[in-house]
Amino acid sequence: MNGRRKSDRSVVPAKLSNKDADKPTASAERVEERDLAKENPRRQNTHRTQGRARVHSALERVRHAARKEKGKQLTSLMHHVYAVDTLREAYFRLNRQAAPGVDGVTWHEYGERLEVNLQDLSARLRQGGYRARPVRRRYIPKADGRQRPLGVPALEDKLVQAATTMVLNAVYEVDFLGFSYGFRPGRSQHDALDALCVCIERSNVSWVLDADIRGFFDAINHDWLVKFVEHRIGDRRVVRLIQKWLKAGVLEDGERIRSEEGTPQGGSISPLLANIYLHYVFDLWAHHVRRRHCRGDVRIVRYADDFVVGFEHRDEAERFVEALKERFAKFGLELHPDKTRLIEFGRYAAERRRRRGQGRPETFNFLGFTHLCGKSKAGMFRVERHTMRQRLCAKLNEIARELKRRRHYPIPVVGAWLKSVLIGHYRYYGVPLNYWAITRFRWRLTQLWHRQLCRRSQKGSIRWSRMETIVGRWMPAATIYHPFPGQRLRVSTQGRSPVR
């Protein structure tokens, strides 16, 4: 029907007419032929109004195609990127308070004529007239005192990158392995932290490789990255978009600097490109090694360029480290010598070290927490997580400088700001067994604020009785926001291991 060949589609049997159903020579009343529902991809829904439902339907079809054609190239993706609905969805996902790029356009200014701007941008993307602008470089202080380079793209570049990331996420979420957690939809730093605790507590891990890649975002090789992208993306227009952003360079002190390697941190697509790079360089290789060349338990958790690998046997861990160095060297990467360590850690580490007279097991840092070997009240082994001392001191120094700047602000204004700082701190560091650390953080903030309030005038200091009233009004008590690791994973994974 409708000009299609009947042999190309499955049809339902002919339906008998209700009037002739009892006759021996009943006539057949044909009905519309339709495909069987089993294994069919979801079709594009028709919506009377533009909205997010249409975007989600299109991305679901991309995800289905990526899953069905796993390991093959997808050759038609660009029309999803320049669709106005996708660009509009990407616009509202951007940070509204972000600093402007080299174009000087803010989120609010672009939104004053949003539909006109989106239509124009969509036309330029469709016709090949879109040009990427250089990234404005800024520096932000790190916890160790060094400066981290941060790229600030132009608003339209951020918009197109966000739209491209939405489409490519639908493809690569099918391919990425379970132990990769960094910058992925539906996964957070606490998912990675919980997975690490569970795999150490419930396996025979006795040695932990705490690794970090030196200057990873600045060391990504563009040629290798494009080759990795082309493994799955056969649409040359999408590949050319990525190449435009890689070659746009950075603008620093009015001078444009081009680079043949590295992706500027701050772009919407940089985390995804980093994940793609490490997926081929590290994830697939490490998964193959642990399955084919390791006889003991091996557990892996990676968040961006920080990863932890747990081993049952020391000799396998040492061989893994040596092979990993060679593997990284092939793709222009290097393990950070000061941040990469192989330590004895796990449920048997304390007893074994006690027998050898070596003291307590060493600790390692991951995602802002120091991990220690501990015991429950029942004497069972467990991994304890405390706030990193270095992070804590750096945060307190930053708050002290800001309190000094706000010394003469009204108490309600400073109190509201400190309340937001505390709640943000609790929401990240408020994990089980870390109550004493967040309580100490609140106490140190109280001392810093009291010192600045006493210095507002030469008439005298503020008594602690009044300070307690102020603190009770504006500084919430320490709160544990997160459940125990096993409880969260039991709910989020539904029986599927997040690290296997």
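Predicted model: local features only at pLDDT ≥ 70, side-chain atom pairs only at ≥ 80, totals over all residues.
How close do the axes of helix α14 and α16 come, and at roughly what angle do they cross? Residues are numbered from 1 along each chain as its sequence is written, and side-chain values use heavy atoms, with hydrogens and water left out.

Let me begin with the overall picture. The protein has 18 helices and 13 strands, where helices (H or I, at least four residues) and strands (E, at least two) are DSSP runs numbered from the N terminus. Of its 500 residues, 47% are buried, and by buried I mean under 20% relative accessible area, with exposed being over 50% and partly exposed in between, using a 1.4 Å probe and protein chains only. If we take the contacts between residues at least 6 apart in sequence, 70% of them join residues at least 24 apart, a contact being heavy atoms within 4.5 Å.

Now to the opening question. The axes of helix α14, residues 389–405, and α16 come within 10 Å and cross at roughly 25 degrees; axes here are lines fitted to C-alpha atoms, for helices over the stretch in contact, and angles run from 0 to 180 degrees between N-to-C directions. That makes α14 roughly parallel to α16, since angles under 35 degrees count as roughly parallel, over 145 as roughly antiparallel, 65 to 115 as roughly perpendicular and the rest as oblique. The crossing of α14 and α16 is right-handed, which is to say that the near helix is turned clockwise from the far one by less than a right angle, anticlockwise being left-handed. Among the residues that make this contact are L392, L396, K395 and K404 of α14, and F441, R444, L448 and Q452 of α16. By class, the contact of α14 with α16 divides into 9 nonpolar, 1 polar and 5 charged residues, with Ala, Val, Leu, Ile, Met, Phe, Trp, Tyr, Cys and Pro counted as nonpolar, Asp, Glu, Lys and Arg as charged, and the others, Gly among them, as polar.

Helix α16, residues 435–454, also packs with helix α15, residues 411–429, at an angle of about 165 degrees and with the axes 11 Å apart. That makes α15 roughly antiparallel to α16, and the crossing of this pair is right-handed. On the α15 side the contact includes I411, L418, H425 and Y429, and on the α16 side it includes I438, R442, W449 and L453. The class count for α15 with α16 is 11 nonpolar, 2 polar and 1 charged.

Beyond its neighbours within four places in sequence, I411 is in contact with W449, L453, R456, R466, I470 and W474.

A further helix pair is α9, residues 222–230, with α11, where the angle is about 85 degrees and the axes are 10 Å apart. The two are therefore roughly perpendicular to each other. Here W224, L225, F228 and V229 in α9 meet L273, I276, Y277, Y280 and V281 in α11, and the residues of this contact are 9 nonpolar, no polar and no charged.

That leads on to the cores. In soluble globular proteins, nonpolar side chains tend to be buried together. A nonpolar core is a set of buried Ala, Val, Leu, Ile, Met, Phe, Trp, Tyr and Cys residues joined through side-chain atoms within 4.5 Å. Which residues touch the most other members of the largest nonpolar core? They are F282 and F320, in a core of 84 residues, and the largest share of this core, 12 residues, comes from helix α11, residues 270–292. Leaving out residues up to four places away in sequence, F320 touches L209, F282, W285, A286, V289, V309 and F311. Apart from this core lies another, of 53 residues, which includes C197, L403, Y429 and C454.
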